[in-house]
Amino acid sequence: MASEMAPGMPPNTIQVVTLEVKRICRICLSDKRLINVMKLGTRTIQYLTDIKKYYDVQICNDRKSTRLCKSCLRKVDVWRHALKQASASQTIIDFLDSTYQARLKRRMKKGQKKVQKKDQKKVQKNGQKKEHKKK
Ligand SMILES: [Zn+2]
């Protein structure tokens, strides 16, 4: 650190770091390994949309930086993948749920039939008993 200090500066002096507004990551303010989102060709629109969606950061050609560091750009990719996976999982969850509901309905119908059969048997038995009593 001492080597970065200006010569003749007393120790423990706070140095002012100047960041070039156009050359910092829009997400984490890093000035290392930057990628200009506007220069990603066909992927630019997808990244602009996703960055707005995930971070609520609107990148456009104004005075502000249009760059993300590699780490933050990778996080956008990871997040996009996670969303796709979640969406695919919901399709499977919905299918399993519908299958479960259908099985549950079939069981309930079978249960009702069994109850109905038991009731019919009871009625028959009661009828027989009544007949016996009548005799
Ligand atoms: Zn970053």
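Let's start with the core. The largest nonpolar core has ten residues: Cys25, Ile27, Leu34, Val37, Ile51, Ile59, Leu68, Cys69, Cys72 and Leu73. A nonpolar core here is a set of buried Ala, Val, Leu, Ile, Met, Phe, Trp, Tyr and Cys residues joined through C-beta atoms within 7 Å. Buried means 20 or more other C-beta atoms within 10 Å of the residue's own; exposed means 12 or fewer; partly exposed is in between; the C-beta atoms are placed from the backbone. In soluble globular proteins, nonpolar side chains tend to be buried together.

Now the ground rules. This is a predicted model: local features need pLDDT of at least 70, side-chain atom pairs count only at pLDDT 80 or more, and totals for chains, interfaces and linings use all residues. Numbering runs from 1 along each chain as its sequence is written.

Confidence next. pLDDT is the predictor's confidence in each residue, from 0 to 100. The chain averages 84, and 80% of the residues score at least 70. Confidence is highest in S2, at 97, and lowest in H2, at a mean of 84.

On to the layout. The chain has two helices and two strands. From the N terminus, the order is β-α-β-α. Those elements are DSSP runs numbered from the N terminus: helices are H or I, at least four residues, and strands are E, at least two. Helix H1 covers residues 44–55, twelve residues in total. From first C-alpha to last, H1 reaches 16 Å, close to the 16 Å expected at 1.5 Å a residue. That expected span is 1.5 Å times one less than the number of residues.

How much of the chain is buried? Buried residues make up 9% of the 135 residues. As for contacts, two residues count if their C-beta atoms, placed from the backbone, lie within 7 Å. Take the contacts between residues at least 6 apart in sequence: 68% of them join residues at least 24 apart.

Leucine 34 sits in strand S1. Why is leucine 34 classed as buried? Because 20 other C-beta atoms lie within 10 Å. Not counting residues up to four places away in sequence, leucine 34 touches Arg23, Cys25, Arg67 and Cys69. The C-alpha atoms of leucine 34 and arginine 67 are 6.0 Å apart, though the two residues are 33 apart along the chain. Leucine 73 has its own partners: leaving aside neighbours within four places, they are Ile35 and Leu68.

Isoleucine 24 is partly exposed because it has 19 other C-beta atoms within 10 Å.

Which way does phi go at leucine 29, positive or negative? Positive, about 70°, although leucine 29 is not a glycine. Leucine 29 also belongs to the segment before S1. It has 11 C-beta neighbours inside 10 Å, so leucine 29 counts as exposed.

Aspartate 56 is another non-glycine with a positive phi, about 60°. It comes just after H1, in the loop between H1 and S2. Aspartate 56 is exposed because 7 other C-beta atoms lie within 10 Å.
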